[in-house]
Every structure is written in structure tokens, then in C-alpha cells.
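Me: I am new to this structure. How do I read a helix and its surroundings?

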Amino acid sequence: MSKKCLGCGISLQTTDSSKLGFTKSLDMDYCMRCFRLKNYHENSKLSFEVDNSKILEKVNSGQGKVFFFIDILNIYQENIQLFLKVKLPKILVISKIDVLPKNISLKVVVNYLRNHFHIQEEILFVQRKRNSAKKIYEHIEKDASSNFYFLGLTNAGKSSLLNLLLEELVENSKPITVSEIPNTTLDFIQISLPNKKKIQDSVGFTYDYCFKDFEMLQKILVKKEIRPKNFYLKKETILSLENQIFLKLDDVNSITWFGSENLLIKKIYKEKNEEYLSFSVPAKTNIYLKGVGFFYVKNAAVVQIAGLKEENIAIEPSFLGGNFYG
């Protein structure tokens, strides 16, 4: 059996530096890609394609229980469908809830998941903190299963929480590589816990990101509680995000941004010579820019968006509930 990188799970090799898994010596625990990410925060240009169906096939042919991670800024149909396709017993883990404004009720979010997506399984909310890792371990301890899968969307924070768990439980544990780069984990990584149970950390499910370049991926990362940015738009006003994505409405409306405060969002008044996609949305709608954040649209509107492909966008009734009055 080939030796695997402790950081990303890929098989190590010493023959070709242009391919994934390269290391200068098989005595090393990490591939060069993970070593550079971990120590120098360098982005490797090596490509890696993820087949979501193969991840599901591998898990569904196994045994155990699944913790399925979706971060709070990416709750839309495409991602929920991946969760529903898991056939093993499972828990839906909504991650990164520490970025939500505190006036948004988690009970409202639970009701939304139950009523809109018909989620019947247990729903667990976690933050990027040690006490959330302990919360997951408590579930593992009391469960009869001996094998647990950590599945979820890429960049949903599952590997970060697993590292926090390992720091608590495993002496001299070596961390899994984490970064804002999609699919930092490249293959299943098996972790043995002190209670003789095992966790399988999987490569993240992928979807059509709005942005893929390294600088922008760093910029869109939300590190603290979001301060929603509210914009009152007139009919002729265009909203610009990083001068790359443009949004306009058919009438006077209120629209609120939930995402990184590092992104430049501003009103512009000169029409952009862009090809716009058009969507009719009801009141209280979330317009997701996949992997970035979402716009909350207060009133029913025809929304036009330029700078993105249709597969980069998802539209859902909002989970914000009655505590938000954008």
C-alpha cells in the first residue's frame, strides 16, 4: 500500500514534481503542495478534478455514519441534494454560524431547513471553535457506529474542525492541510481516535465557483461576524462587486449583502456594456453567488446579473426570518 500525505490524503510519489503527491522523500509526511500551503501559504497550480458522484458512491457502499457539512452562506438546493443522496445514517452540519449576525435566529433556520428542503435528519450548528469540535465528538462517543465520514462542500470547514478535534484527543497529532483553496483535501484521510473509532475525512464536493483565482479566494474568506451592507437601489442604479459582477433591479428596492467585508461593493450609475442574466424573484429572496455570499432582496423584483454564468448563481427563499428587516 502506498504512503499517503497526512495533509491532503493523496498518494505520495517522488518521480514527477509536476504531478500531485510529489515529495522529495517518502520519509516525509506531507506532499510538497501541502508543505508549501502549510508553511508558506503558497498556492500550487497543480490541477485536480473532483467527481462528486464517485465520492457518494464510495461512501454509500461503506458502513458508518455521516457528518455532512454545508456552510451557512451556501444553503441552496444543489448542495442540499448532495446531502439527500447520502444513503448512510447522517447528520446535517451547518458550519461557520459564527459569521451570522447575532439577531438571526437558529430556530428559524432549522424551521426553514425542515419546511423548505424537507430535512428530517438531525441538524447540528457549529462554529470554527474548539467547543464545536467537542460537540461533534460527543455525538461520536454516544453513537453505536465505529466509522464516521466527514463529508461536505469544499471550504465548509470540516477539516478545520477535525484538526481542532485531533488537537484535543490525539497526542502529537499532525494536522490535515487547510486553506481557502477549494479541494485542499484530495482523497479520503483516515483518522483513528482514542476510543477505537475512525473518521474518514473526504475531499470536498465541488460546484461552479464565482471566483477561482487565489487572490480573490483570500479576499472572499469571511473571518468574523458579518456586518450586512444594505443598499437602497433606484431603477437606474447598478451594484458593482469588485467591478466584476454587476446587479440591477427593475424598480426601487432594498438589497443587502451577506459576505466578506473585504469585497468592494458600490453603486455605479453608468450602464455597463455587459450581457445580463434575468431572474424574477419573490420578496425575501437570497441570491447566492456560489462560494462568495448572497444578496438578500427585500421586495419582489426582476433581478439582472452580469459577469457570471447561470451555474454560478442559486436563488432560494431566504432563511433570515422575521428578525431581519433589510
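This is a predicted model: local features need pLDDT of at least 70, side-chain atom pairs count only at pLDDT 80 or more; totals for chains, interfaces and linings use all residues.

Reply: Start with the buried residues of a helix.

Me: Which residues of helix H4 are buried?

Reply: Helix H4 covers residues 106-116, and its buried residues are Val-109, Tyr-112 and Leu-113. Down the axis of H4 these fall within an arc of 95°, so they line one face of the helix. Turned away from that buried side are the exposed residues Lys-107 and Asn-115.

Me: Which residue caps the N-terminal end of H4, and which residue with positive phi follows the helix?

Reply: The cap is Ser-105, with a side-chain oxygen 3.2 Å from the backbone nitrogen of Lys-107. After H4 comes His-118, whose phi is positive, near 60°.

Me: Where does Leu-113 stand in the largest nonpolar core?

Reply: That core has 65 residues, and Leu-113 is listed with Phe-68, Ile-75, Ile-94 and Leu-151 as having the most contacts inside it. Beyond four places in sequence, the contacts of Leu-113 include Ile-75, Ile-80, Leu-92 and Ile-94. Another core, of 26 residues, lies apart from the largest one and has Met-216 and Leu-239 among its members.

Me: How is Arg-114 placed, and what does its side chain reach?

Reply: Arg-114 is also in helix H4. Its relative accessible area is 31%, so Arg-114 counts as partly exposed. The side chain of Arg-114 reaches the backbone oxygen of Ile-119 at 2.8 Å.

Methods: Residues are numbered from 1 along each chain as its sequence is written. Side-chain values use heavy atoms; hydrogens and water are left out. Buried means under 20% relative accessible area, exposed over 50%, partly exposed in between (1.4 Å probe, protein chains only). Helices (H or I, at least four residues) and strands (E, at least two) are DSSP runs, numbered from the N terminus. The arc is that of the directions from the helix axis to the C-beta atoms. A polar contact is a pair of N or O atoms within 3.5 Å; within protein, one must be able to donate a hydrogen and the other to accept it, and residues adjacent in sequence count only if both atoms are side-chain atoms. A nonpolar core is a set of buried Ala, Val, Leu, Ile, Met, Phe, Trp, Tyr and Cys residues joined through side-chain atoms within 4.5 Å. Contact means heavy atoms within 4.5 Å.
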